[in-house]
Amino acid sequence: MLKPLADRVVVRPLEREEKTASGIFLPDTAKEKPQEGEVIAVGPGRYEDGKRIEMEVKVGDRVIFSKYAGTEVKVDNQELLILRESDILAIVQK
Amino acid sequence: MLKPLADRVVVRPLEREEKTASGIFLPDTAKEKPQEGEVIAVGPGRYEDGKRIEMEVKVGDRVIFSKYAGTEVKVDNQELLILRESDILAIVQK
Amino acid sequence: MLKPLADRVVVRPLEREEKTASGIFLPDTAKEKPQEGEVIAVGPGRYEDGKRIEMEVKVGDRVIFSKYAGTEVKVDNQELLILRESDILAIVQK
Amino acid sequence: MLKPLADRVVVRPLEREEKTASGIFLPDTAKEKPQEGEVIAVGPGRYEDGKRIEMEVKVGDRVIFSKYAGTEVKVDNQELLILRESDILAIVQK
Amino acid sequence: MLKPLADRVVVRPLEREEKTASGIFLPDTAKEKPQEGEVIAVGPGRYEDGKRIEMEVKVGDRVIFSKYAGTEVKVDNQELLILRESDILAIVQK
Amino acid sequence: MLKPLADRVVVRPLEREEKTASGIFLPDTAKEKPQEGEVIAVGPGRYEDGKRIEMEVKVGDRVIFSKYAGTEVKVDNQELLILRESDILAIVQK
Amino acid sequence: MLKPLADRVVVRPLEREEKTASGIFLPDTAKEKPQEGEVIAVGPGRYEDGKRIEMEVKVGDRVIFSKYAGTEVKVDNQELLILRESDILAIVQK
C-alpha cells in the first residue's frame, strides 16, 4: 500500500455506475472539471508555522476533486491518484 | 449533501426572478462579473498561522460573488457552485 | 443593503458636481487613474497571523481609490463599488 | 487635506529651482529614475504579523523616491503624489 | 557518501526488475510522470518559522517521486538523485 | 547627506585604481556582474515579523554588490548608489 | 578575503583532477548541471521570523551545487563563487 506524505491523499476515482448511485452529477463541460472518488489513504498533514495541520478527510470518505489535480499511480491493477488535500473541494455525505 | 473543506462554501446561484426581487442589479457588462446566490453549506474555515479562521458567511445567507469563481456541481438536478469564501464579496441584507 | 466581507468596503463614486466642491482634482491622464467616492459600508477587517486587522475607513468617509479597482454593483438604481481597503489610497479630510 | 491609509505618504515633488539648492542631482538617464520631494502627510503605518510598523518618514522630510511610483492627485491646484513608504529610498538631511 | 542539506533526500531510482516486484505500476503516459526509488540519505530537515521540521522519510524507504524532480549525480558508478522531500509523493509499504 | 530607509545602504562605487589595490577582480564577463564599493550610509534595518533585523554592513565597509542593483544618485558631484542590503554579496576584509 | 553576508557562502570550484579523486561524477548532460567545490567562507545565516538560522556547511566542506547558481569573483587570481546556502545540494563526506 501507499503511505502519502505531508497533506497528500490517495484517492480511487469512482466508476460510472458508482457515480450515478451517489446522486451527484459532475458535468464534463464545467470550467474546472470536478471528479468523484473514495479516499484510500491519508497523509499525516502538512506543517504550518511549525505546527502540523490536522487532515479534514479520512479513509472511506467520498470526495469531489479537480480532474486535473494529482499524479496517477497503478497499484495491483487498480488506478489511483495521489492528491494534495487542498485539491479536494468537498466530502459527499450520505 | 456536500460538506465543503477548509474555507469553501457551497452556493446555489439565484434564478432571474429571485434576483429581481432582491433589488440588486448586477450588470453583465461589469469588469468583474458579479453574481448573486444563496449559501447552502459552509466549510470549517482555513488555517492561518496554525489557527482556524472563523467563517463570515452562514447557511441561508444571500451573497454576491464573482461569476468566474468556483467549480460547478449538479446534485439531485440542482446546479451548485463550490467557492472559496474569499470569492464572496458581500452579504445581501434584508 | 450590502454587508462587505473581510477587508472589503462598499463605495459610492462621486458625481462630477460633488467632486468640484471637494477641491480635489484627479486627472484623467494620470498613470494610475484615481477616483473619489463616499464609503457606504465597511467589512469587519481581514485576518493576519490569526488576528483581525481593524479597518481604517468608516461609513461616511470621502476616499480616493484607483479607478480600475473593485466590482460594480447596482442597488436600488444606485451604482456602487465593492473594493478592498488596500485599494483605497487616502481619506479626504474637510 | 489628504490623510493617507496604511503605509502611504503624500509627497509634493520639488520644483527645479528647489532641487538645485539641495545639492542633489538625480540624473534623467538613471535606470530607476529617482525624484526629490517634500513629505506633506504620513499614514499610520501598515500591519505586519498583527503589529503596526512605525513609519520612518515624517511631515516636512525631504525624500528621494522612484519617479514611476505612486498616484498623482491635484489638491487646490497643487500636484501631489500618494506613495507607499517602501517607494521612498532615502531622507535628504540638511 | 553524500550528506544532503536541509529537506533534501538522496534517492537511488529502481531498476525495471525491482519495480515489477513491488506491484506498483507507474504509467509513462501519466500527466506528472512518477518514478520509484530507494532512499539512500536524508537531510536534517528545513526550517519553518525558526523551527526545524522533522523529515517523514528515512533511509531504506521505498518512495514514489516525480520523474522531473531533482538533480542527477553519479557516485562510484551508481546513478543517484538529490530531491527535496516535497518532491516525494508517498512511501511504498510492504 | 542621505539617510537611507529600512534595509537600504548608500554605496560609493570604487574607481578603477582603487579596485586594483584591493586584489579583487570582478570580471565584466560574469553572468551576474559584480561591482565593488564603499558603504557611505546605512539604514536602520527592515522589519520582519514585527522585529527590526540588524544590519550586517557598517559605514566604511568595502562591499561587493550586483552591478544592476539599486538607484543612481549624484550628491555634491559624487556618484552614489542606493541599494538594499540583500543586493550586497560580501564584505571585503583587509 | 571575502566575508559573505546572510546565508551566502564563498566556494572554490574543484579542478578536473580533484573531482576524479572524489569518486563523484557529475554528468554534463544532467538537467540541472551540478558542480563540486570547497567551502572557503560562510556567512552568519539569514533571518527567518526574527531568528537567525544556523548554517549547515562549514569552511573546508566539499559540496555539490548547481552550476548556474551564484556570482563569479576573482580574488588574488583565484576564481571563486558567492552562492546562497540554498543553492548547495549536499556535502560530500570522506
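1. D:Tyr68 is exposed, as its relative accessible area is 56% (exposed means over 50%, buried under 20%, and partly exposed in between, with a 1.4 Å probe and protein chains only). The residue sits in the loop that joins β7 (62-66) to β8 (71-75) in chain D; strands are DSSP runs of E of at least two residues and helices runs of H or I of at least four, numbered from the N terminus. Between D:Tyr68 and D:Lys94 there are 26 residues in sequence and 26 Å in space, C-alpha to C-alpha.

2. The model is predicted: local features need pLDDT of at least 70, side-chain atom pairs count only at pLDDT 80 or more, and totals for chains, interfaces and linings use all residues. Residues are numbered from 1 along each chain as its sequence is written, chains are lettered from A and ligands numbered from 1 in the order in which they are written, and side-chain values use heavy atoms, without hydrogens and water.

3. D:Glu85 belongs to the loop between β9 (78-84) and β10 (88-92) of chain D. D:Glu85 is buried but forms no salt bridge, the nearest oppositely charged side chain being D:Arg46 at 6.8 Å; a salt bridge requires a side-chain nitrogen of Lys or Arg within 4 Å of a carboxyl oxygen of Asp or Glu. Lys and Arg count as positive, Asp and Glu as negative, and His and the chain ends are not counted.

4. The D:Glu85 side chain reaches the backbone nitrogen of D:Val57 at 3.1 Å.

5. Chain A comprises one helix and ten strands, and buried residues form 52% of its 94 residues.

Conventions:
A polar contact is a pair of N or O atoms within 3.5 Å; within protein, one must be able to donate a hydrogen and the other to accept it, and residues adjacent in sequence count only if both atoms are side-chain atoms.
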